[in-house]
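Got your viewer open and a selection tool at hand? Let's walk through this chain one stop at a time.

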Amino acid sequence: MEQNNVQNRRERYLTFFLGAEQYGIAIDRIKEIIAIMKVTYVPKTPSYMKGVINLRGSIIPVVDTRLRFGMETREPDMHTAIIIVEVDKVNIGFIVDRVEEVASIDSSNLGAAPKFGSNVDTDFICSMAQIEENVVMILDVLKLFEADELVSLEQLQQTQTSEGE
């Protein structure tokens with residue numbers, strides 16, 4: 001019995017919803033959560049890039065997570081939030097429908113991601129977890145972007161920051 005306690009670690013994840021689907025991101029990647037705010041459009045960016053926000057003097061690229069996952073966009077409401085996540089040393093805002101909670105999940109309750117049958121390209125999903133009646137897809141934020149997309153986001157952040165100075 002003691003051996004199981006050593007092997008099973010509890011990990012903490014911020015969980016959120018896009019439509020009826022629940023997702024999670026490792027809490028150590030989360031910088032902050034903010035209410036939806038005005039996003040400045042940046043020309044010649046992919047359709048899922050909503051633009052940038054100025055957060056206390058820092059320019060942060062913002063992604064419409066629904067569009068990134070191939071879902072239909074929707075109008076923001078009072079529950080819509082932007083989760084600021086650090087991805088490969090770049091802070092990126094992810095627009096989500098609703099933030100749910102910080103959940104502690106025992107590592108033994110994390111299962112392998114499915115290879116098909118999901119609304120989301122399964123490369124983004126590093127594992128699945130059961131929280132009460134919900135299956136939560138745990139995302140690997142690094143795999144949400146290709147390497148060249150991350151470079152573009154970093155350049156966008158640097159360009160917008162230097163223009164604002």
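Start at the largest pocket, whose lining residues divide into six nonpolar, two polar and six charged. Here Ala, Val, Leu, Ile, Met, Phe, Trp, Tyr, Cys and Pro count as nonpolar, Asp, Glu, Lys and Arg as charged, and the others, Gly among them, as polar. Select Lys50, Asp64, Arg74, Pro76 and Ile95: of the 14 lining residues, these lie nearest the pocket's centre. The space in there comes to about 220 Å³.

How was that space found? Rolling a probe the size of a water molecule over the atoms shows where empty space is left. On a 1 Å grid over the protein atoms alone, a pocket is an open set of points where a 1.4 Å probe fits, with protein on both sides within 12 Å along at least five of seven lines, and lining residues have an atom within 4 Å of a point. Grid points are joined across faces, edges and corners, and the volume is the space filled by probe spheres set on the points.

Before going on, a word on what you're looking at. This is a predicted model, where local features need pLDDT of at least 70, side-chain atom pairs count only at pLDDT 80 or more, and totals for chains, interfaces and linings use all residues. Residues are numbered from 1 along each chain as its sequence is written, and side-chain values use heavy atoms, with hydrogens and water left out.

Now colour by pLDDT, the predictor's confidence in each residue, from 0 to 100. The chain's mean is 84, and 78% of its residues reach 70 or more. Where is confidence lowest, and where highest? Helix 1 (residues 2–7) has the lowest mean, 48, while strand 3 (residues 30–35) has the highest, at 96. (A contact means heavy atoms within 4.5 Å.)

Switch to cartoon view and you'll find three helices and 11 strands. Those are DSSP runs numbered from the N terminus: helices are H or I with at least four residues, strands E with at least two. Of the chain's 165 residues, 41% count as buried, meaning under 20% relative accessible area, with exposed being over 50% and partly exposed in between (1.4 Å probe, protein chains only).

Next, select Thr80, in the loop between helix 2 (65–68) and strand 6 (81–87). Is Thr80 buried or exposed? Thr80 counts as buried because its relative accessible area is 6%. Its side chain reaches the backbone nitrogen of Asp77 at 2.8 Å, a polar contact (a pair of N or O atoms within 3.5 Å; within protein, one must be able to donate a hydrogen and the other to accept it, and residues adjacent in sequence count only if both atoms are side-chain atoms). Leaving out residues up to four places away in sequence, Thr80 touches Ala35, Ile36, Arg74, Ile95, Val96 and Asp97.

Lys44, between strand 3 and strand 4 (49–55), has a positive phi of about 60 degrees although it is not a glycine. Arg56, between strand 4 and strand 5 (58–64), also isn't a glycine, yet has a positive phi of about 50 degrees. Lys44 is exposed at 86% relative accessibility, and Arg56 is exposed at 65%.

Last stop: Gly111, in strand 9 (residues 110–111). Gly111 is partly exposed, at 30%, and beyond four places in sequence it is in contact with Ser127 and Met128.
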